[in-house]
Structures are given as structure tokens and as C-alpha cells.
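Here are my notes for anyone opening this one up for the first time. Have a look at the sequence and the model, then read on.

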Amino acid sequence: MELRRRVLKEPLSKGGISIDLISTERLEEMGREKIRFILDSVKDGKVLVLEKGLTSSEELELIKVTMSEIDHDSFIGVETPGFTGNVTRRTLLQRLLRRPPPPRMMVVGPAHLLKTIKKDGRTIEAIILTRASDEEEEISDEIPISEDEIEIMESMEGAGPDIEIPSDEE
Amino acid sequence: MGLFDSLLKGLLGLFRKKQASIGIYGPPNAGKTTLANRISRDWTGKPMGKTSEIPHETRKAKERKEVVIKAAGSRISFDIVDTPGIATKIDFHNFVEDYGMDEDKAKQRAKEATEGVIEAIKWLDKVDGVLLVMDAAEDPFNQVNVTLLGNLEARKLPTIIVANKMDLDEASPATIRDAFPQHPTIPVSALAGYGMDNLYKAMMKYFR
């Protein structure tokens, strides 16, 4: 997978990326406002970890609202790795009652910063792309040499101990 | 209304079954339009839409009415709806950098794609069944697949998972079947036409 960090306007990410852990209580208090809260936070450059994620219908609502607010310069969408709406396995009672499984932990972040690398039913691997990770490529192994150091090196030329190297011819 | 009229209306009602509308859903580039074209060509002789390797080629839902499918000794008429790919993010830069698209065109495509996603979601209220197309060569646990399946289950919409692109060496329909065992999974290659008979039989069974 090729990872490219899109440079967009980032209101809050000058000193790093804010990761907010949101409790179930906090999210439930918000009621219908939770989608607005999540989207506003993500658009501010934050990554949210939701203790109890969104239901599948809330996720779809988040996608819908996200699409209506995508802006080429500052917001390209959301990345939502999580176990939310785990449709792979359900308890017998959930199957009998035909109830969807309850939401589970979920991470929501700006798509230009948060990337899901790998996901299966049990493990999710995601990374947050930072400015530092961009700059890593530019870091060179060479250590810059100052003008003073160059002068010292020049003065040392030929100042080493005189060592005679035996010649094979002798 | 007389007794005769009531009887006549009742009898006509028995034969006037509502036309089932089947939505073709999935993430971008899973092969939704290729599948829609295959179904439409097989039963009407006409394609439904243009396909492309560039994501979000279908940016408006397209509907083909009264596609009569015959399989497993039955004959059912469906309205087939090919929907735009659902995504959580759309970045015009990808069209420029990966496909060499002109920037203005890329921005326009991205804008239309966002509108397409919204339209596809709205269509969920109108369809009676869904063919959820997944790329069998890709990870089935992507968030769009999981979110869509969760919604289809919550709405109790009959769903068939179409494990597409089985003509590719790396395709693994079994991975999809293992990931979502509670739904019927039919391996197909919409491009090559493999597995379509099985899909039509499944449509007869689950969308009846």
C-alpha cells in the first residue's frame, strides 16, 4: 500500500495530532448531535477514539454528511477503522431476535492523516501520518560540516605522522 | 363496489406482484457496473453504463426497468439499479496522480462522486433487495462493506454478496464467505461471465 500524506490546511495540527478518547456517556449525551460533533472534530484535524462506536445507520449518516462537506483544499473525508457493526459474528440470541450487534470501539479521523493498513475481524492496524513522517525521507545520513570544521580539516592536511610504507621493491 | 368487482380486484392483485427493485451496491471499483452490464446484456441485450479503471466512473444511479430473468425453472421481472460506489473519502489528487487526469476534470469528478455517494445511500430506501459486490481479490473487511452489510441487515433487505473478479489469480471468494457467513456468497466474474448462472439462481431464491 502506498501511503501519501496529503498536505491540507490543518487548524490544530501544528504541534502534533490531537487524539481524543470519547466515553460512551459523552457520546450518548449528544444524541442526534453526535454526527455533527464527530465531523467537526475530524475537520479540526483531530482523531477520535469512540469507546462505543456508531451503529451502522449512524455510520451511513456520517458518510452522507461527510460527502456533503468534502472540500478539495481542507477536507477529503473520513477514515473510520473500527469493529462497529460487526456483522461477521452474532450471538444466537441476536440471530433469533434478528437484532444488529451493538456498536463497538471505533476510531474516526481525517482521511489525509489516518490510514487503515490492515483489518480483519479481530485486529485493526492503522497509522497516523504526521509531518515528521514526511520529513523522514528528506533526512540524509550525511552530517553537515561547518566552515570552521572545514578550516580545521584543511590545516590538518599533511600534518599526520610520517610513516614510511615499505615498498615491495626493496 | 359490487361483489364481482371485489373478486376481480382480488384476482388481479394475485397476479400483479410488485416489481422488485434490486440495487447493486459496493465500494468503488468492485465491478458494480460491469455486473449491471452483464445482467442487462444477458436479459435485455443492452448494457447499462460505462465502465472504467478510474474509480467513481458511475456517479449517478442508473435504473433498467423490467429485466426479466429466467432461471431454476422460474421467471421474474426485476428493476435493476446500478448505484455509484460508496466511499468514506474522495480526493481529487488521486485522479490526477494515479490516472493523469486534468486537475479541473479531477475536481469535477470528485464533486460528482460525492453527490453520487449520497444518491446511492438514498436509494437504499427504495430497493427491495441488494446485490452487494465485493472485489474477491481485496480485503473483504473494508469499512464500506461492513457498514453497508450492517445497514442492509438493520433494514432486513435480502442480500446476496457477489464475490466478483474471480478470474483474477489472487481472488479468494472463500475469504468473503468466511468473513460474512450469514449471507449467501456467489463467486462470479462479471467481466468474463463466470458464475452468472449461479447468481441468477440465487436471485430467484432470495429475491422472490
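1. **Ground rules.** This is a predicted model, where local features need pLDDT of at least 70 and side-chain atom pairs count only at pLDDT 80 or more, while totals for chains, interfaces and linings use all residues. Residues are numbered from 1 along each chain as its sequence is written, chains are lettered from A and ligands numbered from 1 in the order in which they are written, and side-chain values use heavy atoms, with hydrogens and water left out.

2. **Chain B at a glance.** Chain B has seven helices and six strands; helices (H or I, at least four residues) and strands (E, at least two) are DSSP runs, numbered from the N terminus. Starting at the N terminus, the order is α-β-α-β-β-α-α-β-α-β-α-β-α. Of its 208 residues, 51% count as buried, where buried means under 20% relative accessible area, exposed means over 50%, and partly exposed is in between (1.4 Å probe, protein chains only). Take the contacts in chain B (heavy atoms within 4.5 Å) between residues at least 6 apart in sequence: 69% of them join residues at least 24 apart.

3. **The interface.** How many residues of chain B are in contact with chain A? There are 35, and they meet 31 residues of chain A. The buried area is about 3,000 Å², with carbon and sulfur atoms giving 58% of that; this is the accessible area (1.4 Å probe) that two parts lose on being put together, summed over both. Thr88(B), Phe141(B) and Gln143(B) supply 19% of what chain B buries against chain A, more than any other three residues.

4. **What chain B brings to it.** Seven residue pairs are in polar contact between the two chains, both residues being at pLDDT 80 or more. A polar contact is a pair of N or O atoms within 3.5 Å; within protein, one must be able to donate a hydrogen and the other to accept it, and residues adjacent in sequence count only if both atoms are side-chain atoms. The helices α3 (92–99), α4 (103–123), α5 (143–154) and α6 (173–179) of chain B each supply at least two residues to the side that touches chain A. By class, that side has 15 nonpolar, nine polar and eleven charged residues (Ala, Val, Leu, Ile, Met, Phe, Trp, Tyr, Cys and Pro count as nonpolar, Asp, Glu, Lys and Arg as charged, and the others, Gly among them, as polar).

5. **The salt bridge across.** Which residues form it? Glu79(A) pairs with Lys89(B), with the closest N and O atoms 2.6 Å apart, and the count between the chains is one. The rule for a salt bridge is a side-chain nitrogen of Lys or Arg within 4 Å of a carboxyl oxygen of Asp or Glu. Glu79(A) sits in strand β3 (residues 78–79) of chain A and counts as buried because its relative accessibility is 8%. Leaving out residues up to four places away in sequence, Glu79(A) also touches several others, including Val107(A), Pro110(A) and Leu114(A).

6. **Helix α4(B).** Its 21 residues should span 30 Å at 1.5 Å a residue, and the end C-alpha atoms are 30 Å apart, which agrees; the expected span is 1.5 Å times one less than the number of residues. Among its buried residues are Arg109(B), Val117(B), Ile121(B) and Trp123(B). The buried residues pack against α3 (56–69) of chain A, together with β1 (20–25), β2 (62–71), β3 (74–82) and α3 of chain B. Lys107(B) and Glu103(B), four residues apart in this helix, about one turn, meet in a salt bridge (3.5 Å, N to O).

7. **Another salt bridge to check.** Over all chains the count is 16. Arg36(A) bridges to Glu69(A), the closest N and O atoms being 2.7 Å apart. This pair links distant parts of the chain, with Arg36(A) in helix α2 (residues 34–43) and Glu69(A) in helix α3 of chain A, 33 residues apart. Arg36(A) counts as partly exposed because its relative accessibility is 30%.

8. Most residues other than glycine have a negative phi. His56(B) has a positive phi of about 65°; His56(B) is in the loop between α2 (32–44) and β2 of chain B. Is His56(B) buried or exposed? Buried, with a relative accessible area of 8%. Lys165(B) also has a positive phi, near 70°, and is found in the loop between β5 (159–164) and α6 of chain B. At 23% relative accessibility, Lys165(B) counts as partly exposed.
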